[in-house]
Amino acid sequence: MAAASAPLQTITRLTPLAEVLAAVDSDVQPVTPRTLDVTAAAGRVLAADAVAPARPSAALALQDGWALAADDTLGAGGYAPVLLMHSPQRVEAGQPMPAGTDSVAPFDAVKVMQGRAEALVTVNPGDGVLPAGGDSDPGIPLRQAGERLRITDLAALACAGLARVTVREPRLSIVAVRADRIIAAAASVVARDIERQGGTARIDDSGTLDRALRNNNSNAVVIIGGTGSGSNDASAQTLARAGRLALHGMALTPGETAALGFVGPRPVLLLPGRLDAALSVWLVVGRRMLELLAASKM
């Protein structure tokens with residue numbers, strides 16, 4: 001219980017939302033990149049382009065059929081077959097293309113009889129062929145820095161031969177100022193959203209808000225509760241003592257009592273203890289903060 005003489009925590013101004021987001025944009029910096037196995041990078045934001053070596057290294061057949069030089073089939077048709085100068089070679093999907101060939105024709109597109117081979121259709125260069133570098137080209141990133149990796153991206157990167165990627169993975173601590181089922185529910189929802197958005201979340205049980213703010217094991221802190229003017233509300237005052245209170249009060253409904261500040265370089269977002277207000281501020285301001293920490297393309 002706060003002493004009767006202790007000053008109440010009050011809000012003197014509701015900061016316009018544009019100013020709130022501008023403060024976030026100007027002061028929140030990307031976290032240090034780290035390298036992860038591709039298999040563990042789902043949902044993470046790339047800190048560097050994902051570039052793979054040229055694959056395949058040589059042209060491959062994409063289908064079973066006859067390997068041909070397309071120019072040898074010019075003018076061929078069902079009523080005007082063209083005699084092939086060289087006997088075609090059979091290939092199967094995935095096999096390297098024989099020297100001197102640039103296309104794969106279906107088996108029924110070539111008639112082979114008594115040592116003669118005739119093209120029954122005109123084949124275009126590249127038909128049925130995966131060219132060298134067709135799957136990945138070192139000059140073209142598979143995914144660019146700032147993009148969030150999807151499950152399908154991980155499969156493609158693994159197939160291209162990439163085992164590790166460089167990502168930004170913000171670590172956030174979530175602090176509930178008191179034991180309360182509504183605050184606990186808000187903390188759980190925010191934690192799950194952080195994980196979905198490419199960060200990691202940890203419920204901080206340091207015991208006191210002062211201790212949680214001094215804990216350097218995270219890139220940002222989310223505090224839930226204690227932002228109003230109740231006799232036991234002191235989250236904004238505690239942040240002001242521990243670091244810098246950038247603003248207290250946001251022109252966002254619900255969520256008017258939210259606050260933003262910093263302890264050193266770490267941003268600290270204070271969410272109201274009401275569930276709807278906490279989620280409102282998190283979705284509008286918290287996600288913006290998380291995107292900047294991850295250097296995500298917004």
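Modeller: A charge sits over a ring if NZ of Lys or CZ of Arg is within 6 Å of the ring centre and within 35 degrees of the ring normal. This is a predicted model: local features need pLDDT of at least 70, side-chain atom pairs count only at pLDDT 80 or more, and totals for chains, interfaces and linings use all residues. Residues are numbered from 1 along each chain as its sequence is written, and side-chain values use heavy atoms, leaving out hydrogens and water.

Colleague: Which residue has its charged end over the ring of tryptophan 66?

Modeller: Tryptophan 66 is buried, at 13% relative accessible area (buried is under 20%, exposed over 50%, partly exposed in between; 1.4 Å probe, protein chains only). The charged end over its ring, 6.0 Å from the centre, belongs to arginine 90.

Colleague: How are the rings of tryptophan 66 and phenylalanine 107 arranged?

Modeller: Rings of Phe, Tyr and Trp (its six-membered ring) pair if their centres lie within 6.5 Å; planes under 30 degrees apart are stacked, over 60 edge-to-face, the rest tilted. Here the centres are 5.7 Å apart and the planes stand at 85°, so the pair is edge-to-face.

Colleague: Which residue in β14 stands opposite valine 175?

Modeller: Strands β12 and β14 run parallel, joined by 5 bridges. Opposite valine 175 is isoleucine 223.

Methods. Two strands pair if DSSP finds at least two bridges between them. Helices (H or I, at least four residues) and strands (E, at least two) are DSSP runs, numbered from the N terminus.
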